[in-house]
Every structure is written in C-alpha cells, then in structure tokens.
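Please find below a colleague's note on the fold of this chain. The sequence and the structure come before the comments.

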Amino acid sequence: MPFTQHNGLRYYQFDSLRVRHAVFTRHGGVSPAPWKSLNLGGTVGDETERVRANRLLSFETLDCRPDSMFDVWQVHGAEAVCASAPRRADEPYRKADIILTDLPGVTLFMRFADCVPLLFHDPKKEVIAIAHAGWMGTILDVAGITVRTMREQYHCDPSDIIACIGPSIGPDHYEVGEDVITQVKQTFGAASATMLPHHGDSVHFDLWRANHHLLERAGVTQIEHSGICTACHTDDWFSHRAEKGKTGRFGALLSLC
Ligand SMILES: [Zn+2]
C-alpha cells in the first residue's frame with residue numbers, strides 16, 4: 001500500500017524505493033487553515049514555531065533524528081549540493097534544487113506544493129538524491145543533472161538508479177501560457193508534442209511525461225510514478241495552483257539509515 005498512517009500523520013511511499021522515505025500529506029500537523037495542517041514551508045506566512053513542530057513530527061514519525069536533516073533554499077534552479085553532513089541550525093541555507101548524499105547520517109529533506117518531487121536511490125553504490133522540478137526546473141533538466149551528479153560524484157551507473165516521480169500537479173490541471181509552451185517546445189523539440197496536451201482551447205504541460213523523458217535520456221530505466229495530482233486531491237496535498245497561492249508546503253524526506 002502506498003499510503004501509511006502513523007502517529008496521526010499520513011504519508012506516501014514508493015514500492016520500488018527500498019530506503020527510508022516518505023512524502024507527507026497535509027494530515028496530522030498543528031497549523032491552522034490555510035496551512036492545515038502539516039505545513040513544512042517556512043516562507044508561506046505560517047508561524048516558525050508551528051513549522052518546526054510539524055517538521056519534528058515528520059521526522060519522529062519516520063524514526064529519523066531531527067538533527068540529521070539536510071535541506072536547502074529551493075529557488076527553481078538546477079544547482080546540486082552533495083551533503084557531507086547535516087545542516088547545522090546556525091548554518092545558512094544553500095540555494096539549490098538538487099541534494100544528494102551517500103552518508104547514512106544525513107536525511108535529505110525538501111518542500112513541495114505542485115512542483116515535482118524526484119526521489120533517487122542507487123542501491124549498489126548506496127547513494128540517494130532528492131530534487132525539486134517545477135516547470136522551470138524541468139526545462140533546466142533537474143532530473144538529468146541529478147543523474148549526472150550521481151555519476152560524476154558517486155560513480156553511479158544510471159541503469160542501477162531507481163527514480164520516483166512524486167505527487168505534483170498533473171497534466172489534467174496544469175494549464176500553461178505561451179511563455180512556457182515556447183520554452184517546452186524549444187527544450188524538447190519533437191518530443192514536446194505529447195507533453196503539451198490540448199484541453200479545449202487551453203494547453204497543459206505534462207510535467208510527469210517531461211521528467212520521465214529526461215530520466216530516460218539520462219539512462220535511467222527504473223522509473224516509478226505516483227500518478228497523484230496535487231490539484232485533484234487538496235484533501236491530502238497542498239496545491240499552489242488549486243488553492244490560489246494560499247496554502248502550505250508538504251515535505252519529502254529520504255535517508256539511507
Ligand atoms: Zn488534477
């Protein structure tokens with residue numbers, strides 16, 4: 001079963017990922033509306049103390065030490081950071097959208113609300129990574145850069161890597177404008193045709209298909225999709241688009257221990 005209920009929290013896990021991990025739904029936290037309730041985003045107007053309490057609950061539920069966390073300031077870019085230690089509480093955030101580690105004492109942690117969570121594990125080299133790919137990160141090939149960094153920094157073979165595409169805004173809900181359409185066409189060429197389905201007069205961007213394409217292009221063959229659209233299921237997930245920006249961020253964590 002992909003969903004587990006524990007400690008009042010409800011989280012999603014991928015069948016193919018054999019490491020400690022979770023993509024947390026919004027259930028079981030302490031924040032009131034519009035962040036109800038497990039908001040893990042510190043920049044969405046919620047109180048710092050509640051976000052901290054929610055983060056502790058999340059780590060506790062997965063039996064992860066809160067001081068093992070490594071997180072970054074996510075900026076819709078394609079910078080990768082290899083974590084060689086947890087981030088100390090007094091250490092400033094690095095700006096990045098890809099984080100990796102081969103250390104069991106480091107828990108990778110990121111925040112989402114429609115953008116695509118990409119979770120990676122190479123069980124041969126024991127390397128994990130998590131990445132944040134909205135439309136900009138997808139255009140910038142965050143997926144491919146993650147795989148390249150796993151190869152270059154940790155000597156991973158792409159055919160060993162398991163990649164998972166988490167809950168995010170689905171092709172049914174993600175209408176885009178001319179600026180995005182143009183960039184998708186420029187980036188993906190002929191392959192863009194299936195990534196830009198028409199819904200009546202509007203055009204949507206299929207982030208799942210685009211990221212699948214990028215992973216395959218990078219040599220990854222083991223790819224699992226959650227197939228969950230955040231905008232379809234705001235009962236479970238925060239959705240920036242469906243909730244018109246007044247919402248929280250759900251968390252995803254990944255650890256080798
Ligand atoms: Zn949807």
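The numbered points below go from the whole chain to its sheets and its nonpolar core.

1. Overall dimensions. The model is predicted. The chain has 257 residues and a radius of gyration of 17 Å; a compact globule with that number of residues would have one near 18 Å, so the two agree. Along the principal axes, the C-alpha atoms occupy a box of roughly 45 × 45 × 35 Å.

2. Composition and contacts. The chain contains five helices and 15 strands. Of its 257 residues, 48% count as buried. Among contacts with a separation of 6 or more, 62% join residues 24 or more positions apart.

3. Six strands, in the order β1-β2-β3-β15-β7-β4, form an open sheet with mixed pairing. Its edge strands are β1 (3–6) and β4 (69–70), each of which pairs on one side only. Within this sheet, β2 (residues 9–12) and β3 (residues 20–24) run antiparallel and are joined by two bridges. Tyr 12 has Val 23 of β3 as its bridge partner.

4. The helix across that sheet. Helix α1 (residues 48–61) lies across β1, β2, β3 and β15 (250–255). The helix runs at about 65 degrees to β2.

5. A further open sheet. Six strands also form an open sheet in the order β5-β6-β9-β8-β10-β14, again with mixed pairing. β5 (80–82) and β14 (222–225) each have a single partner strand, so one side of each lacks a neighbour in the sheet. On average, and with direction ignored, neighbouring strands here are turned by 15 degrees against each other. Four bridges pair β8 (residues 116–122) with β10 (residues 162–165) in the antiparallel sense; the bridge partner of His 121 in β10 is Ile 162.

6. Helices packed on this sheet. Helix α3 (residues 142–154) touches β5, β6 (98–101), β8 and β9, and its direction makes about 155 degrees with that of β9. Helix α5 (residues 207–217) packs on the sheet as well, touching β8, β9, β10 and β14, with its direction at about 165 degrees to that of β10.

7. In soluble globular proteins, nonpolar side chains tend to be buried together. The largest nonpolar core of this chain has 74 residues, and Leu 108, Leu 118, Ala 129 and Ile 130 are those with the most contacts inside it. Strand β9 (residues 127–133) supplies the largest share of this core, six residues. Which residues does Ile 130 contact, leaving aside its neighbours within four places in sequence? They are Ile 99, Leu 108, Met 110, Pro 117, Leu 118, Leu 119, Ala 252 and Leu 254.

Definitions and conventions. Residues are numbered from 1 along each chain as its sequence is written. This is a predicted model: local features need pLDDT of at least 70, side-chain atom pairs count only at pLDDT 80 or more; totals for chains, interfaces and linings use all residues. Two strands pair if DSSP finds at least two bridges between them. Two residues are in contact if their C-beta atoms, placed from the backbone, lie within 7 Å. Axes are lines fitted to C-alpha atoms, for helices over the stretch in contact, and angles run from 0 to 180 degrees between N-to-C directions. A nonpolar core is a set of buried Ala, Val, Leu, Ile, Met, Phe, Trp, Tyr and Cys residues joined through C-beta atoms within 7 Å. A residue is buried if 20 or more other C-beta atoms lie within 10 Å of its own, exposed if 12 or fewer, and partly exposed in between; C-beta atoms are placed from the backbone. The radius of gyration is taken over C-alpha atoms; the globule rule is 2.2 Å times the number of residues to the power 0.38.
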